[in-house]
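Thanks for coming, everyone. Let me put today's model on the screen, and then we'll walk through how its pieces pack.

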Amino acid sequence: MTSYMYSASAPVFTRMLTNLAGILAKAEAYAAERKFDVNVLVNARLAPDMLALKAQIGIATDHAKGAISRLAGKDIPSWPDTEATFEDLKARVNMAIEHMATAVASDFDGAENRQITLKLGGQEIAMSGQTYLLDRALPNFYFHVTTAYAILRHNGVPIGKRDFVG
């Protein structure tokens, strides 16, 4: 039987990252159709005090790779946050999808009870793998994917719920 923690993480992240890749492709097509440089979207944001699209995608992919790695008891790969172009953002999402493919279900056996320690606000906070996945990793991941979606939709990209959900 496949681990619940594996089923609730790797396939979920993979699906949403794949949907995000599709949304980015639609944004690229929209820019070409409207004859504007798609790279203007890289720094787009919903409000002046919000993080830009590039940060939303960087943080979403960081949550996915961090969760998969922590829950499987593996080192988290280090990816520089240097994305400056739309191509860079697409590559970042694809790199995250590729990382999800490295997840092996058996590595997640017992992950619900594995202690996960995060540094939050300068303090180390320990929690079970299940608490980490359900209360931290997934909500943060969805927040940033949703915000990336909203930034692109706000900028006219013709996407909808079907694109987001898949």
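**Helix packing and a hairpin**

Start with helix α3, which passes α4 in a left-handed crossing. Keep in mind that this is a predicted model.

Here are the two helices. α3 covers residues 53-72, and α4 covers residues 86-100. Their axes come within 10 Å and cross at roughly 10°. That angle is under 35 degrees, so α3 counts as roughly parallel to α4.

Who touches whom? On the α3 side we have L53, K54, I57, G58, T61, D62, A64, K65, I68 and S69. They meet F86, L89, R92, V93, A96, H99 and M100 of α4. By class, the residues of this contact split into 9 nonpolar, 4 polar and 4 charged.

Next, α2 against α3. How far apart are the axes? They are 10 Å apart, and the packing angle is about 160°. That is over 145 degrees, so α2 is roughly antiparallel to α3. Again the crossing is left-handed. From α2 come A10, F13, L17, L20 and L24. From α3 come I57, T61, H63, A64, A67 and I68. This contact holds 9 nonpolar and 2 polar residues, with no charged ones.

Note some names from α3. I57, T61, A64 and I68 are listed in the contact with α4, and I57, T61, A64 and I68 are listed in the contact with α2 too.

Now α3 against α5. These axes come within 8 Å and cross at roughly 155°. The two helices are therefore roughly antiparallel to each other. α3 passes α5 in a left-handed crossing. Here the classes are 16 nonpolar, 7 polar and 1 charged.

On to the rings. The count comes to 5 aromatic pairs. One of them is F13 with F141. Stacked or edge-to-face? Edge-to-face: the centres are 4.8 Å apart, with 85° between the planes. This pair links distant parts of the chain. F13 sits in α2, residues 10-34, and F141 sits in α5, residues 129-154. They are 128 residues apart. Remember that F13 is also in the contact of α2 with α3.

Last, the strands. β1 spans residues 115-120 and β2 spans residues 123-128. They pair in the antiparallel sense over 6 bridges. Which residue partners L120? Q123, in β2. The two strands form a hairpin, with 2 residues between them. In that turn, G121 has a positive phi of about 60°.

Conventions: Residues numbered from 1 in each chain as written. Predicted model: local features only at pLDDT ≥ 70, side-chain atom pairs only at ≥ 80, totals over all residues. Heavy atoms only, no water. Axes fitted to C-alpha atoms, helices over the stretch in contact; angles between N-to-C directions. Helix = DSSP H or I, 4+ residues; strand = E, 2+ residues; numbered from the N terminus. Parallel < 35°, antiparallel > 145°, perpendicular 65-115°, else oblique. Left-handed = near helix turned anticlockwise from the far one by under 90°. Contact = heavy atoms within 4.5 Å. Nonpolar A, V, L, I, M, F, W, Y, C, P; charged D, E, K, R; others polar. Pairing = 2+ DSSP bridges. Phe/Tyr/Trp six-rings, centres within 6.5 Å; stacked < 30°, edge-to-face > 60°.
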